[in-house]
Amino acid sequence: VEPLLEKFEVQLQAAARGDVPIMWEDDDGPERLRATGRLLLSIYHETFRPRRVLAVERQFSIARLDPNTGRELDERLVGIADLIEEDDQGAVWITELKTAARRFDGVRLGYDHQATIYAMARAALGFPDARVRFRVLLKTKKPAIETYELRREEPQFRETSRVVHQVLRAVDAGIFFPHRGWQCANCPFRAACGT
Ligand code: SF4
């Protein structure tokens, strides 16, 4: 676990010195977050022994169909899967690693678009039978890690496809509202947002 913790310290110090200021939350501070981070990494390391890692940060691109006509559309849906791994029983998992301040509720788990898109992208990622799960590092008072398997079927595929389609239609119509957050740091549209 020591090399992992050392890497964490180096990354945290680099982030603290970086261009993007860190907005510590009210009852958080560098020392408290550092301690929580170390504890979470130690729990992760102890709980999940290394499995067979098949891919990390693997990109995918899938065709999109118009939800009304079924016609293939010009824009494709692209993304990157954090981790693809095989467990001791030989099952392949697309694993999304997340940190969260609280447990995910049933609605989020049932309809989370990211999980649905991973399920849609299984064949494009090269693992058509892969299952999808979230591993959530909970930054609660007593840090913990929870794993949720996410089953996806036709209703979720339909809903996510429709949401993606509607968002693109809104963009085409010039509807745009900034949604500021951690994602702004690496966003290619920062200049347009004036950040
Ligand atoms: S910088 Fe990017 S992510 Fe942030 S609000 Fe603007 S468009 Fe959204």
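Which pocket is the space taken by the ligand? The space that the ligand takes is the second largest pocket, where a molecule counts as sitting in a pocket if more than half of its atoms lie within 2 Å of the pocket's grid points.

## Basis of the model

This is a predicted model, in which local features need pLDDT of at least 70 and side-chain atom pairs count only at pLDDT 80 or more, while totals for chains, interfaces and linings use all residues. Residues are numbered from 1 along each chain as its sequence is written, and side-chain values use heavy atoms, with hydrogens and water left out.

## Overall fold

The protein chain has seven helices and five strands, taken as DSSP runs numbered from the N terminus (helices H or I, at least four residues; strands E, at least two). Read from the N terminus, these elements follow the order α-α-β-β-β-α-α-α-β-β-α-α, and the C-alpha atoms fill a box of roughly 55 × 50 × 30 Å along the principal axes.

## The sheet

The five strands form an open sheet of mixed pairing in the order β1-β2-β3-β4-β5, where two strands pair if DSSP finds at least two bridges between them. Its edge strands, each pairing on one side only, are β1 (52–62) and β5 (144–150). On average, and with direction ignored, neighbouring strands are turned by 35 degrees against each other, the axes being lines fitted to C-alpha atoms and the angles running from 0 to 180 degrees between N-to-C directions.

Strand β3 (residues 92–100) pairs with strand β4 (residues 131–138) in the parallel sense over eight bridges, and W93 stands opposite R131 in β4. The pairing of β4 with β5 is antiparallel and runs over seven bridges; here R133 has E149 in β5 as its bridge partner, and a hairpin of five residues joins the two strands.

## The pocket and the ligand

The second largest pocket holds about 1,200 Å³ of space. A pocket is, on a 1 Å grid over the protein atoms alone, an open set of points where a 1.4 Å probe fits, with protein on both sides within 12 Å along at least five of seven lines, and lining residues have an atom within 4 Å of a point. Its lining comprises 30 residues, of which V167, H179, Q183, C187 and F189 lie nearest the centre; β2 (77–86), α4 (113–120), α6 (154–172) and α7 (190–193) are the elements that give two or more residues to it. The largest share, six residues, comes from α6.

By class, the lining has 21 nonpolar, seven polar and two charged residues, with Ala, Val, Leu, Ile, Met, Phe, Trp, Tyr, Cys and Pro counted as nonpolar, Asp, Glu, Lys and Arg as charged, and the others, Gly among them, as polar. Around the ligand stand F176, P178, H179, R180, Q183, C184, C187, R190 and C193 (a heavy atom within 4 Å), and this shell divides into five nonpolar, two polar and two charged residues.

Conventions: Points joined across faces, edges and corners; volume = space filled by probe spheres on them.
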